[in-house]
Amino acid sequence: MNMGGGAGVGDENRTPSAVTQFSHAVWRRYQHLLDKSTPLMLYRWIFLAAIAFIYALRVYLVQGFYIITYGLGIYILQLLIAFLSPQVDPEIQELTDGPGLPTRGSDEFRPFVRRLPEFKFWHSLTKAFCVAFVLTFFSAFDVPVFWPILLFYWLVLFISTMKRQIMHMIKYKYVPFTFGKQRYGKKAVPADETNISRP
């Protein structure tokens, strides 16, 4: 009589189905393409701009699917706020640990770490535009609305959210972008030191 312990006997004889093998191969190929595209930031953003243009052209030609576009706009705004926000909110850190960002030149330098990294921001935007594009082929999502009201409401939401984010940046003195910041590298050797002859 077999009293337990038999769970797993014969599991090694089971082979994965063809669907599982195919989906795993597709996922591996997709992950490989993502890994190869990681250092190619400019090309990734050009690719996203092309997808966004194709989506905008589709919505313009069909003259519909404004609800999907509005939902996409809200999602983009949410991702943008996460992209511009620090990983650890200085307001919460100040309440628990005291000030976290340097306030004087003698304080320790801490680089800005985003809550949503650039690659994940790009990847989420690309997936969102692709899903929204696919949804434009289903008439159930084409709800008739007066699109200028949706556009006005989204603009008000965007301006108020960005104003709050900019005020947060000013209050805690952080800049989420690297361009325009001082770079520290090798010191230039003065010209008179290079001309000294060695004995």
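**Exercise 1. Which pattern does the protein chain follow when read along the sequence?**

Solution. The model is predicted, so that local features need pLDDT of at least 70 and side-chain atom pairs count only at pLDDT 80 or more, while totals for chains, interfaces and linings use all residues. Residues are numbered from 1 along each chain as its sequence is written, and side-chain values use heavy atoms, with hydrogens and water left out. Helices are DSSP runs of H or I with at least four residues, strands are runs of E with at least two, and both are numbered from the N terminus. Read in this way, the protein chain follows α-α-α-α-α-α-α, with seven helices and zero strands.

**Exercise 2. Describe how helices α2 and α5 pack.**

Solution. Begin with the angle, which runs from 0 to 180 degrees between N-to-C directions, the axes being lines fitted to C-alpha atoms, for helices over the stretch in contact. Helix α2 (residues 41–62) and helix α5 (residues 118–135) pack at about 25°, and their axes are 10 Å apart. Angles under 35 degrees count as roughly parallel, over 145 as roughly antiparallel, 65 to 115 as roughly perpendicular and the rest as oblique; α2 and α5 are therefore roughly parallel to each other. Next, look at the residues in contact, meaning heavy atoms within 4.5 Å: F47, L48 and I51 are among those of α2, and W122, L125 and T126 are among those of α5. The residues of this contact divide into 16 nonpolar, one polar and three charged, where Ala, Val, Leu, Ile, Met, Phe, Trp, Tyr, Cys and Pro count as nonpolar, Asp, Glu, Lys and Arg as charged, and the others, Gly among them, as polar.

**Exercise 3. Is T126 buried or exposed, and which residues does T126 touch?**

Solution. Buried means under 20% relative accessible area, exposed over 50%, and partly exposed in between (1.4 Å probe, protein chains only). T126 lies in helix α5, and because its relative accessibility is 8%, T126 counts as buried. Leaving out residues up to four places away in sequence, T126 touches F47, L48 and I51.

**Exercise 4. Compare Q63 and F65 in the loop between α2 and α3.**

Solution. Most residues other than glycine have a negative phi. Phi of Q63, however, is a positive value near 55°, and phi of F65 is a positive value near 60°. For accessibility, Q63 is partly exposed, with a relative accessible area of 48%, whereas F65, at 5% relative accessibility, counts as buried.
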